[in-house]
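User: Could you walk me through this two-chain model? I'd like the terms spelled out as we go.

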Amino acid sequence: MTVVHNPIQAPAGRIEVKNTTCYMCACRCGIRVTLRDGEIRYIQGNPDHPLNKGVICAKGASGIMKQYSPARLTRPLRRKEGADRGDAQFEPISWEEAFSTIATRLEKIRSTDPKKFALFTGRDQMQALTGLFAKQFGTPNYAAHGGFCSVNMATGMIYTIGGSFWEFGGPDLDRARLFVMIGTAEDHHSNPLKMALSKFKRNGGRFISINPIRSGYSAIADEWVPIKPGTDGALLLALIHELIRTGLYDRDFLVQYSNAAELVSVDPASDDSGLFVRTDIPRDPDCFDPQDRVWWDRASDKPTPARKADTDPFLLGEFAMPDGRRVKPSFQLLKDRVAHYTPEWASEVTGIPVETIKRLAYEMGITARDEKIELPIAWTDAWGKDHDTVTGNPVAFHAMRGLAAHSNGFQTIRALSILMSILGTIDRPGGFRHKAPFPRPIPPCAKPPKSPNDVKPNTVLNGMPLGWPADPNDLFVDDDGKPVRIDKAFSWEYPLAAHGLMHNVITNAWRGDPYHIDTLLIFMANMAWNSTMNTTHVRQMLNDKDDNGEYKIPFLIVCDAFQSEMTAYADIVLPDTTYLERHDAMSMLDRPISEYDGPVDSVRIPVVPPKGECKPFQEVLIELGSRLKLPAFTTASGTRKYRDYPDFIVNYETEPGSGIGFLAGWRGKGGEKFMKGEPNPNQWEMYAKHNCVFHYEMPKSYQYMRNWNRGYLKWAQEHRLTRYAEPINIHIYSEVLMKFRRAAQGKWEGRIPPVHLRKRIETHFDPLPFYSEPLESALTDKHQYPLNAVTQRPMAMYHSWDSQNAWLRQIHPYNFLHVHPKTAQAVGIVDGSWIWIESMHGKVRCLCRYSEAVEPGTVWTWNAIGKAKGAWRLEPNANESEQGFLLNHLISEELPSCEAGAHVSNSDPLTGQAGWYDVRVRIYPAGADEAHVTSPQFTAMPALPGTGTTRKWQGFFAGMFTKKKTA
Amino acid sequence: MTQLALVIDLNVCVGCHACVTSCKEWNTSGPAGFMTDENPYGKDPTGTFFNRVQTYEFGEFPNTETLHFPKSCLHCEDPPCVPVCPTGASYKRKEDGIVLVDYDKCIGCRYCSWACPYGVREIDEKQRVMKKCTLCVDRLYDETLPVSERKPACVLACPTSARLYGDVHDPDSEVSVAIRESGGYQLMPEWGTQPANHYLPRRKTRKQIHEDELVRADNPLKKEQRGPSKPISEPTLDDSTSW
Amino acid sequence: MHPAFSVIFLTTLIGVGQGMFLALFSGQTYSAVELLPTSNSARFYATGAFIALLFLVGGLIASFFHLGRPERAWRAASQWRTSWLSREVIVLPTLMMLVFVYALMHYFEWDTVLFTNAKGARLQLTLVVACFGMLATFALFICTGMIYACLKFLQEWHSPLTVINYTLLGTASGFALTTAFANLNAPELMRFYAIWTIIITSAGGITRAASLLRNAQLKPKSTLQTALGVRHTKIQQKSMGFMGGSVNTRDFAHHKTALFLKNIKWIFIVLAFVIPLLLLWLGMQRRDTGILLAAFIVQYIGLLFERWFFFAQANHPQNLYYQTV
């Protein structure tokens, strides 16, 4: 039989292949883009990229449909005279007009009160640049989305072990034998974790998932341990309890590498109560963490300087110092702390059977001890001792927002870090491993400004907009202890708010608490929809006017690539490019993509020209920086310093002549240096030649035990990854937290919290992890609202980004509320029917789906599939707005009025991490006469000028949407 | 005789849909011509896809298993869709066993899709011909591609490498070894279609805890006894017996 | 399965055409052996055959609505070795041609007597053509039936009853039309046709009932367990991988309730069998063309329902993967 249609005939056309970096989520995989006659034909994973080694996910493989989305903004827009915010009535303007309008306004602000300008950004990958811009402008009111994402994960771990999950560290699944994933959404750390999981399972590793929901990664777990949301801390503390009780902890590791054996004064009468006992060895003034602690030596039964050669300390016990002070090793305090956190107690809290909790502890402890790894890698520790091998206890963990997005998340994550530490798994094979530039000192060196005087007209901000307070004197408050930042970060309300509190910016600015601002610039954050809590009211605030008829937030600039819900509220809309049209630097100064074996950074290089008048946001910042003559963007003679963003990336140095810039690879005149070196004019070309990625693989001896690895620490110092080359000992006992607590107790010779916050500080700044019910939950009538409600994003969508993607939205055009059948039946809800879900803040009508894979006290849904009508250029009857729903309407950005104040953020009291998953709800059937559409509904958003057209049907053939057969 | 096929390892598939969209993006600009999307931005979007990932739950809480299940044309050794085709558009290649549709012969009668028990054939509503997974036959023999990439797009994409590709008639191929050693099976064996694609089942790793691992000689708690034991003052046997 | 109207009309219309041709063939055969009086060739057989041809053409036109690319339909004749559909594509035009020739011959009365036996039975040339036509008619019934009956995993169809029913129901409807037609044009043959229509309709009723009974007792061979290869008694689909529908949800399911299906079943039993039998009996007694025509029309409408039900009732195993969740 003859074949008429040749199945292997490649379509005609000029083929080109270009490398760049994906941006369909935050993972930053290397991609290879095939173009046919200049149009995108195929996007594949780059096989030569260290992060994804050729694989790609559903989103990455649908990048074409993002590029050609009709929701793309292509022209700068100005809100029409007379139109209200939210009406989405715009007229196109020129870039020149946009720039001059903005620059004029910002110039005035900068010359009067720079903090009246606030810059907040979403899941961008340019915080080094946006942060620099804010600092140069002189405003402290800058943050990215971290505060409502996972700042608890970053701070909880960094304040304990000097590193954290995801960009900064992760599980070493190559060598782990047991992997415990807890509180991780179904696809976190997408491709790298998927690759590692599959390899781990195929190597016979055992995978346990602790999660209220079994989906995504949890689906392939060897064991699923369902847990009630917000109770992970209770489980982790009970595991610590059981490991200490049975002696399954790694004593040697704790002694040498943590403060477990260091003595803490426990004498309430003593001035230093709660602080470490210190020797009077003279301190090096340049030293970050003086090694001046004290052990109680077992042999001599006397105090001895910690880590003195040939001493071995007690980890347990209570001792009297020669001066009579009662002291205990940190580890004894931990043991005392977890004494009541028995498996039986935890079982009640978490819903996990006692036997399961005990077995989990035994599996962890026995795997760690009996499957120990000894790698023949010699290294020298920070105290000069040589080791012939690197030891590993092959138990690895991964956790993310399931732990972080609760108001008790910081202490939960402290508990997790301590669990990982007592198992002896930190930066060791088979356990947790750091990624450059981590580990960093605890806490890292960057500090926020310290007083209102650090913000001055026409002056660079004194301090970093974001940083890591080490004690109350690092807080950014005025003399009355009141916040200086608009989001109240680094104030007594949220002292360790290392990523800011973007979720409170609009509400605070609207209320004028702590003050009113003038201009809010939002980049790539959908603050009128899925990126905000309390969505309905925040939309009203954005459009609210004062008695004079002026907007309460006077000027709103939104930069985005797509017609998101947020663009409707802008006074000026700036069209950003897609990731395929721009230069980008995934910088070591920001959140790079380092591997366990060494630093990695990467770039994006455009594969197609920008659509319409689209301009990358980086170019906007550099243009504005130049127009405003911000020092970093201006030459000594006052002229523009950088032609454009690529020029900036190549030539910018953190200090003149520092040799440190945004990109670490191919520095030096001829590209012969890395990490540090003078600018290389051909740096972009060299990245382009090397798959857009720079990867330095360190010697094996520098790859482990980096907190205490002399070789590594010196190398890191030489290459300016860190300032200090001192050991970074694990904070089992956190003296940093204790200093805040002492301030609340009036035992601190510095800043003292306001009276109404003292109890809150004293309670939550506990130097040892503890379990407490999430704040919102504790303020809710749980009889009325008996269920927990949580969200996660599906693997095939990244937050709100992909509903405009014609391929991805076919997979998830709308979402259900997933409910256990018994929970649903108890209130008469039928599978697939319309129901109401209600919290004390609001209610939403949605569709219910039965599921046996959810803990019966929990209901859950996909995040951000539900859309406001007409947004993202979807047709008004699209499923996203008719059947899809957003849970955010039920979640408040502020707690009900309580002792800490009337408008305290619904956040972790230490870090300001948004407590998304603390909401309590009830569900009930919708009435038979009710409409079969989700509620609430909003007026349909019209198409913005410059956006594309939608067809009844389309066929994509390498760029051409055709109605004819093309092959 | 060669029979190319996929082996799908359900043990590691996390249901990410990478195979679904990587297939679409490769094939929509390939020899099949565009793959239609209807209502791409409206109500009930629907389109032509050669591959889908479905989700099932089995068991009852808390012993629930969530199963992600990718499915595309299984390239049956005895494909029921081929003999029923009135035009000969549906055919099985002799050289590699791939079941294909000749888009220039197909009259779009849908009969082959009726004859497929697996529901893997997809009529393209606008091109009005039947389409289906081609195993990316246009990649497999393309000498302009590096050898490592002469594979179906879904196989290259799959982040968990849950999709193995090779000749199931070669007993030493990766796919044959996987089928043999990891319990590979066929879907709906009751119809005798002998699908060339196989599936590998879920496998569980368990840990047995032995009591002697808990009562340990190296228990570090032993090091926390403070000081050498001192003589005690209460009476002992030493006070009352000379033996 | 989704009952496509193109296929419903195709199969029912050609059934009428085939049945009517068989009726004409039977009438002429009976006449040839002098069991029936001879009728006016041009008026009865020619017109009758043209009417039958009209139905066949109607079916053919309906079938084109089922094709995505009807311009390539000619290719469908190529796979007669393996495909019942291809065979149907060959046999249907063949039959149409034979019916056309048969009609022409009667119309122009090209009807040479080839042979006469001692008892006076005559073999006419038209009858020879009709014999070929009869063979083609049965071949077409077999092809049409086998298109469905050969799909083994459509268990409701995979039975000789499918072919028998297609044959009997098509024949019955053709005979019913011929009865009414005969009452106008060859009243002497009406009774003959009416009685045969009653017999064939009754037989069809019995075999259709048999298939209903058989199908009611079918146990699906494929289950979620075999579809997924998972050995568990409680499996539920939670996602099809898409939510806006696909070919799999459109082509393979009727999207109607079980009650709707049941109603359709009773409607077709009444319309295709009960009422036509009553009307035929009445019409035969009263020799009333109107009543006899009504019998045909009611039966034909009944067969449309029957065909809808035939498709809807078939449960394709692919539906295990597409439970519209």
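Analyst: Two residues are in contact if their C-beta atoms, placed from the backbone, lie within 7 Å. This is a predicted model, in which local features need pLDDT of at least 70 and side-chain atom pairs count only at pLDDT 80 or more, while totals for chains, interfaces and linings use all residues. Residues are numbered from 1 along each chain as its sequence is written, and chains are lettered from A and ligands numbered from 1 in the order in which they are written.

User: OK, so how many residues of chain B are in contact with chain A?

Analyst: On the chain B side there are 78 residues in contact with 91 residues of chain A. Several elements of chain B supply at least two residues each to that side, including helix H1 (18–27), strand S5 (65–72) and helix H7 (211–214); helices (H or I, at least four residues) and strands (E, at least two) are DSSP runs, numbered from the N terminus. H1(B) gives the most, with seven residues.

User: And by class, what does that side of chain B have?

Analyst: The side of chain B that touches chain A has 30 nonpolar, 26 polar and 22 charged residues, where Ala, Val, Leu, Ile, Met, Phe, Trp, Tyr, Cys and Pro count as nonpolar, Asp, Glu, Lys and Arg as charged, and the others, Gly among them, as polar.

User: Which strand of chain A is joined to S2(B)?

Analyst: Strand S35 (residues 953–954) of chain A is joined to S2(B) by two bridges, and the two run antiparallel; strands pair if DSSP finds at least two bridges between them. Within S2(B), B:Asp37 stands opposite A:Gln954.

User: Switching topic, what is the secondary structure of chain B, and why is it called more spread out than a compact globule?

Analyst: Chain B has seven helices and eleven strands. Its radius of gyration is 29 Å, well over the 18 Å that the globule rule gives for 243 residues, so chain B is more spread out than a compact globule; the radius is taken over C-alpha atoms, and the rule is 2.2 Å times the number of residues to the power 0.38. Along the principal axes, the C-alpha atoms of chain B fill a box of roughly 110 × 45 × 40 Å.

User: Which peptide bonds are cis?

Analyst: Among them are the bond from A:Ala436 to A:Pro437, with omega near 10°, and the bond from A:Phe438 to A:Pro439, also with omega near 10°. A:Pro437 is in the loop between strand S22 (432–434) and helix H14 (505–511) of chain A, and A:Pro439 is in the loop between S22 and H14 of chain A too.
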